[in-house]
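Hi,

Here is the structure I promised to pass on. Have a look at it first, and then read my notes below.

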Amino acid sequence: MQASSVMQTATQSTWMRNAGFPGGAKTYPTLAEDRSADVVVIGAGITGLTTALLLARSGLRVLVVERDRVASGTTSRSTAHLTSVLDVSFEHLVGRFGEDAARTVVESSVRAIDEIERLARAIGPHCAFRRVPGYRFSEEEKGAAQLPREAALAASLGLVVQSEPSVPLSFACHAIRFDHQAELDPVAYVRGLAELASAAGAAIFEHSPVVETGDDAIRIASGPRVSARHVIEATHTPVGLVAAIQTRLAAMTSYVLEARIDEPLPPALFWDTADPYHYVRAVGDGRRILVGGEDHGTGRERDPFARFAALETWTRARFPVASIEERWSHELFQSADGLPYVGLLPGAKTHWVAAGFSGTGLTFGTAAALALHDLVTVGASPWEAVYSPRRLKPLASAPSMARENLEIGWRFVADRLRGGAALDSLAVDSGRVERVGRKQVAVYRDLRGDLHLLSARCPHLGCIVGWNDAEKTWDCPCHGGRFAATGKVLYGPPVTNLAHESASASPADEVPEPPAR
């Protein structure tokens with residue numbers, strides 16, 4: 001294999017590069033004063049802006065607040081597979097929820113892709129929307145043996161599926177084919193949604209991170225408050241401490257390469273039966289492909305570059321790779337039972353959530369927007385029961401899963417704490433968790449050589465963060481919080497930055513014991 005070409009480049013997605021991200025797009029103001037609205041939507045990705053657009057077109061006063069910029073979060077790092085095929089198998093879906101509920105899930109996914117097509121046509125051809133087939137394939141007999149059963153179940157639920165198609169891949173595999181899937185440029189699309197929503201009357205505010213939420217109001221970090229009849233969190237995981245949802249979510253990190261290949265790949269979506277699985281699609285004329293995979297729990301990888309290298313090895317073994325053009329990672333949230341949580345938060349009256357989309361966030365995010373529009377405007381949705389955060393069939397082991405996540409996160413970081421290592425040994429633009437006195441400290445050396453000492457405890461629930469050398473971030477292994485190298489909160493449920501520390505230590509700040517069972 002050729003030497004890896006991805007090891008020392010800054011991570012940037014294809015869509016960021018193509019859009020000149022983050023510049024070159026329409027900007028929106030920062031919220032600077034108290035406001036009121038019928039609905040306030042938190043998050044300006046595909047879920048939040050589709051919801052805002054639909055509600056504004058229904059005559060409601062809508063306000064959207066975004067921590068960073070429109071389309072700057074998970075949307076900008078998606079590979080933009082638009083598929084009615086879930087991350088979980090149809091056998092799992094039918095077995096856990098029943099055939100009627102499974103059919104509802106499939107119907108909502110198909111309807112969501114149709115809605116994306118309708119809106120993309122209105123936005124313009126730069127969205128690069130196109131219908132393509134999707135292939136679930138296996139290179140191993142064990143995985144291949146499962147495919148006929150999946151095809152039969154998918155067909156019974158209303159999908160158009162072929163059991164033994166001709167597969168446009170150059171390596172041997174078994175596959176089933178799903179027709180009427182799709183792809184697009186997610187950043188161009190979501191920026192277009194923002195303009196449509198704004199034209200419909202929605203007010204959009206960037207650089208306005210939310211620090212408090214409730215049934216009828218939110219507050220952003222700089223102080224302004226928005227009062228509203230409805231609050232909608234369109235953020236993959238709720239802001240702040242929302243145990244009813246966050247204990248049933250697992251934060252995952254997935255990796256993507258953009259490769260230039262010598263022979264074009266036909267327009268299609270591909271994903272295999274491996275665990276974790278790989279997913280592939282062509283871009284443009286097919287001489288560039290996006291290959292994703294190597295998923296793991298967020299904050300639990302000592303060497304993310306090894307994940308990129310493994311993904312490159314897998315890609316080069318199957319495609320005629322001329323070069324690696326880009327590489328990036330992104331974060332997603334898996335629910336305990338395989339379906340997202342869309343609807344009222346448990347105990348709330350007008351506080352809505354859309355979370356846990358796993359790897360099909362563009363499709364599920366749009367389905368969530370359609371459901372939330374109906375729930376807010378008419379009080380009901382045909383998909384309400386199957387996606388409800390209050391549904392009575394969560395995975396029975398969800399609470400123990402959450403406790404295990406906490407313990408694994410603690411053990412992962414505790415195992416790599418360096419006791420008394422000299423801070424001057426830390427390379428520039430890198431970080432690690434150290435014991436400084438009796439404290440756990442997240443230490444980062446910037447490009448000038450200056451040290452930044454931060455509390456290693458995530459302010460969300462006190463878990464210990466780990467250094468991500470690929471993204472240059474501090475990642476929480478428990479609930480998916482992500483922080484900049486110098487401590488600023490970037491993503492996930494935390495609402496405050498990592499606290500700054502000094503080199504001195506307090507005897508009261510003991511290294512914590514693992515969470516109690």
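Let's start with helix α8, which is mostly covered: 10 of its 13 residues are buried, meaning under 20% relative accessible area with a 1.4 Å probe and protein chains only. Among the buried ones are Phe305, Phe308, Leu311 and Trp314. The ends of α8 (residues 304-316) also fit expectation, because 13 residues at 1.5 Å each should span 18 Å and the end C-alpha atoms are 19 Å apart; the expected span is 1.5 Å times one less than the number of residues. Helices here are DSSP runs of H or I with at least four residues, and strands are E runs of at least two, numbered from the N terminus.

Keep in mind that this is a predicted model, where local features need pLDDT of at least 70, side-chain atom pairs count only at 80 or more, and totals for chains, interfaces and linings use all residues. Numbering runs from 1 along each chain as its sequence is written, and side-chain values use heavy atoms, without hydrogens or water.

Now the pockets (on a 1 Å grid over the protein atoms alone, open sets of points where a 1.4 Å probe fits, with protein on both sides within 12 Å along at least five of seven lines; lining residues have an atom within 4 Å of a point).

Of its 46 lining residues, Asp87, Tyr277, Gln334, Ser358 and Gly359 are closest to the centre. β15 gives the most to that lining, with 5 residues.

Cheers

Conventions:
Buried means under 20% relative accessible area, exposed over 50%, partly exposed in between (1.4 Å probe, protein chains only).
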